[in-house]
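Please read the points below with the sequence and the coordinates to hand.

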Amino acid sequence: MTHQGITMAKTNKKENELLNTALKTMNNAYVLWGFKVGAAVLAEDGKTYGGCNVESWVSGLGICAERCAINHAILHGNRKIKMVALVMHADTNKEPRPCGACLQYIYDFAENPKIKILMAKAKNGRILFETVEVKSIKELLPFPFRK
Ligand SMILES: [Zn+2]
């Protein structure tokens with residue numbers, strides 16, 4: 001089945017765990033004008049680290065959930081990530097997608113270009129598993145910036 005050209009995928013136990021961590025951390029999002037986003041990364045130490053978006057009244061000072069989650073993993077001594085999950089409320093009517101800045105940041109810390117990005121919507125405190133989409137970082141960012 002396809003949804004906006006992106007193939008939906010069945011998720012395994014580890015992927016579901018990552019999505020549920022992203023869902024849980026979404027509740028902590030600090031939102032002033034936008035909408036809540038939750039993210040989680042599976043780091044090289046095998047643990048899952050959550051993140052949420054944090055906004056500021058000064059536009060540009062805030063941070064997206066994905067970069068917050070990666071920083072959370074870095075804070076615990078990790079240098080590489082193996083998977084990323086991203087969750088948004090279904091009622092925002094937006095497709096859950098990492099922004100361009102986050103795609104570059106994910107690429108910077110990705111263990112390899114094939115790591116999966118799981119994108120899902122949630123409703124009533126649950127992941128809507130029929131909305132889960134999976135793409136590799138290389139597919140979402142085919143031409144990353146590199147020194
Ligand atoms: Zn972002």
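1. Is N124 buried or exposed? The model is a predicted one, and in it N124 counts as exposed because 7 C-beta neighbours lie inside 10 Å, where 12 or fewer is the limit for that class. N124 sits in the loop between β6 and β7. Its phi is near 50°, a positive value in a residue other than glycine.

2. With 9 C-beta neighbours inside 10 Å, N93 counts as exposed. As background, most residues other than glycine have a negative phi. A positive phi also occurs just after α2, where G77 takes a value of about 95°.

3. Helix α1 covers residues 13-26. The buried residues of α1 are L18, L19, T21, A22, L23, T25 and M26. The cover over these buried residues includes strands β3 (37-43), β4, β5 (81-89), β6 (116-123) and β7 (126-127).

4. V87 lies in strand β5 and is buried, because 31 other C-beta atoms lie within 10 Å, against a threshold of 20 or more. By contrast, the C-alpha atoms of V87 and G46, 41 residues apart along the chain, are separated by 21 Å.

5. How many of the 11 residues of α2 are buried? Eight of them are, so the helix is largely enclosed by the rest of the structure. The residues concerned are A65, E66, R67, C68, A69, I70, H72 and A73. What covers them includes strands β3, β4 and β5, together with helix α3.

6. The packing of α2 against α3 can be described in detail. Helix α2 (residues 65-75) and helix α3 (residues 100-109) meet at an angle of about 25°, and their axes are 9 Å apart. The two helices are therefore roughly parallel to each other, since angles under 35 degrees fall in that class. Their crossing is left-handed. On the α2 side the contact is made by E66, R67 and I70, and on the α3 side by C102, Y105, I106 and F109. These contact residues divide into five nonpolar, no polar and two charged.

7. The last point concerns the loop between β4 (48-52) and α2, in which S56 is found. S56 is exposed, because 11 other C-beta atoms lie within 10 Å. Apart from neighbours within four places in sequence, S56 is in contact with L61 and G62. The C-alpha atoms of S56 and N28, 28 residues apart along the chain, are separated by 15 Å.

Notes
Residues are numbered from 1 along each chain as its sequence is written. This is a predicted model: local features need pLDDT of at least 70, side-chain atom pairs count only at pLDDT 80 or more; totals for chains, interfaces and linings use all residues. Axes are lines fitted to C-alpha atoms, for helices over the stretch in contact, and angles run from 0 to 180 degrees between N-to-C directions. Helices (H or I, at least four residues) and strands (E, at least two) are DSSP runs, numbered from the N terminus. Angles under 35 degrees count as roughly parallel, over 145 as roughly antiparallel, 65 to 115 as roughly perpendicular and the rest as oblique. A crossing is left-handed if the near helix is turned anticlockwise from the far one by less than a right angle, and right-handed if clockwise. Two residues are in contact if their C-beta atoms, placed from the backbone, lie within 7 Å. Ala, Val, Leu, Ile, Met, Phe, Trp, Tyr, Cys and Pro count as nonpolar, Asp, Glu, Lys and Arg as charged, and the others, Gly among them, as polar. The expected span of a helix is 1.5 Å times one less than its number of residues.
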